[in-house]
Amino acid sequence: MEQLRSTLQENNQEHLLRFYNDLSVEQKEQYLCKLQEIDFHKMGQLFQDAQQSIESEGQLLDTFMEPVSSEQLGSYENCDPTLRESYYNRGLQEISKGTVAVLIMAGGQGTRLGVSYPKGMYSVDLLSNKSLFQLQAERIQKVQQIANEKFNGNGKITWYIMTSVPTYEATQKYLTENNYFNLEKENVVFFKQGLMPCFDFDGKILMDAKDKLAMAPDGNGGIYQALKISGILDDFQTRGIQNIHVHSVDNILTKVADPTFIGYCIEKGSDCAAKVVKKSSPHEAVGVICKVKDKIQVVEYSEISQAQAESTNPDGSLIYNAGNICNHFFTADFLRKVANKDMQVHVAKKKIPYINDQAEIIKPSTPNGIKVEKFVFDVFQFSSHFVVWEVPRDTEFSALKNADSAGKDCPSTARRDLYRLHKKYLEEVKAIVVGDEVEICPLLSYAGEGLEQYSGKQINSPMHLV
């Protein structure tokens with residue numbers, strides 16, 4: 001206890017024991033255990049890094065930026081069809097050998113969607129009423145089947161699901177009760193991202209109970225530490241996994257375990273890669289992947305001047321056009337390498353509930369502190385061979401962030417985009433589609449293949465093809 005008091009005093013956190021004598025014996029024991037797990041010196045350094053981040057907030061990076069080189073950039077649409085097919089087959093071959101895993105970042109709660117459960121459980125009211133989790137699980141099944149039939153293999157895609165502390169139990173219960181949507185139980189692995197203390201503007205850790213610190217998830221960049229702490233890195237080795245497709249849960253069009261993307265990355269000898277889409281406009285609120293002082297990073301739209309965002313190539317295309325969609329490839333070796341790296345921190349000023357010196361719960365009306373998080377893309381700079389794969393927005397990206405009242409990145413736009421894509425698949429095989437509400441079960445077709453049976457046939461919407 002004396003050692004802990006001394007540590008807290010040295011790091012300006014002695015206030016964390018101000019209610020200690022009010023606690024029961026059991027509460028004291030549990031609270032001390034929690035405090036002893038925290039490296040307060042490291043927390044002090046974290047706050048200093050956060051202050052530097054705040055000071056640089058809004059700083060424009062124009063003079064340090066340059067686009068990703070053409071040697072690092074591949075494009076689905078511009079790729080020679082024969083070469084693209086070779087990438088696809090290489091990816092399928094790796095899947096059939098069992099070297100491919102999918103890691104889904106599913107820590108988000110559906111707060112902005114207006115629900116109180118994990119976002120992956122959300123349904124955008126498709127004809128099938130399938131959730132995001134179910135759609136993605138079924139795509140895994142289908143691409144496994146395609147790969148194993150083509151290469152006479154028996155490979156399994158392990159599905160790693162990273163939750164946050166608040167979403168862990170609900171996510172696990174949901175997948176269990178739905179029998180993992182017919183994936184094998186041993187190939188669905190749950191783990192949690194970490195938590196970070198919340199600070200006031202003076203660097204003191206806030207408390208939200210007499211025996212509880214105010215904590216928040218450490219961002220999707222917490223994935224790297226979580227992989228190490230949870231033993232997932234060792235699990236990769238045990239299972240022989242070499243290639244990991246990592247993506248967020250909230251893109252309804254995600255090609256889960258995308259063979260073309262995986263094959264492209266492997267053929268290019270890449271250890272780290274990102275999918276991008278062309279920005280819809282110069283000022284679309286997405287980060288762009290580019291070089292800053294010769295290091296690859298994602299630059300947020302707020303860090304680029306209007307003139308820089310609008311700058312174009314001789315053909316009229318945007319110079320900074322590689323819109324980040326949180327869809328990545330990593331080798332297992334690369335993830336092991338970056339697990340111990342010190343990463344940049346990002347800061348959000350927030351209204352954080354806390355208890356005051358009288359143990360009263362205060363719910364501030366203005367920001368009173370900061371939440372610190374890390375971003376998944378901040379390891380790009382550590383890659384020895386980083387590549388980018390540009391994909392069509394209409395086939396691969398429709399984010400689900402907001403309630404329908406926002407009018408964009410919401411359930412109605414996600415549903416519309418999926419129906420539109422599925423109608424396109426059918427029209428490509430010369431089906432006659434009447435209306436717009438057409439849904440294709442992922443178990444029938446992963447990405448438009450195998451639909452020749454509908455050639456020349458009329459399909460009246462609403463129609464769910466299974």
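Which residues in H4 meet which residues in H9? The structure is a predicted model, in which local features need pLDDT of at least 70, side-chain atom pairs count only at pLDDT 80 or more, and totals for chains, interfaces and linings use all residues. Residues are numbered from 1 along each chain as its sequence is written, and side-chain values use heavy atoms, with hydrogens and water left out. Helices (H or I, at least four residues) and strands (E, at least two) are DSSP runs numbered from the N terminus.

**Helices H4 and H9**

- Arg84, Tyr87, Tyr88, Arg90, Gly91, Leu92, Glu94 and Ile95 in H4 meet Pro259, Thr260, Ile262, Gly263, Tyr264, Ile266 and Glu267 in H9; contact means heavy atoms within 4.5 Å.
- By class, this contact of H4 with H9 has 8 nonpolar, 3 polar and 4 charged residues. Ala, Val, Leu, Ile, Met, Phe, Trp, Tyr, Cys and Pro count as nonpolar, Asp, Glu, Lys and Arg as charged, and the others, Gly among them, as polar.
- H4 (residues 81–97) and H9 (residues 259–267) pack at about 95 degrees, and their axes are 6 Å apart. Axes are lines fitted to C-alpha atoms, for helices over the stretch in contact, and angles run from 0 to 180 degrees between N-to-C directions.
- The two helices H4 and H9 are therefore roughly perpendicular to each other, a term for angles of 65 to 115 degrees.

**Helix H6**

- In H6 (residues 168–177), the buried residues are Tyr168, Thr171, Tyr174 and Leu175. Buried means under 20% relative accessible area and exposed over 50%, with partly exposed in between (1.4 Å probe, protein chains only).
- Seen down the axis of H6, these buried residues fall within an arc of 140 degrees, so they line one face of the helix. The arc is that of the directions from the helix axis to the C-beta atoms.
- Exposed residues Glu169, Lys173 and Glu177 sit on the face of H6 turned away from its buried side.
- The cover over the buried residues of H6 includes helix H5 (132–151), strand S4 (158–163) and strand S5 (188–192).

**Loop residues**

- Ser270 lies in the loop between H9 and strand S12 (272–278), and counts as buried at 5% relative accessibility.
- The side chain of Ser270 reaches the backbone oxygen of Cys272 at 2.7 Å.
- Asp294, in the loop between strand S13 (288–292) and strand S14 (295–299), has a positive phi of about 70 degrees although it is not a glycine.
- The peptide bond from Ser461 to Pro462 is cis, with omega near 0 degrees.

Notes. Parallel < 35°, antiparallel > 145°, perpendicular 65-115°, else oblique. Polar contact = N/O pair within 3.5 Å; in protein donor to acceptor, adjacent residues only side chain to side chain.
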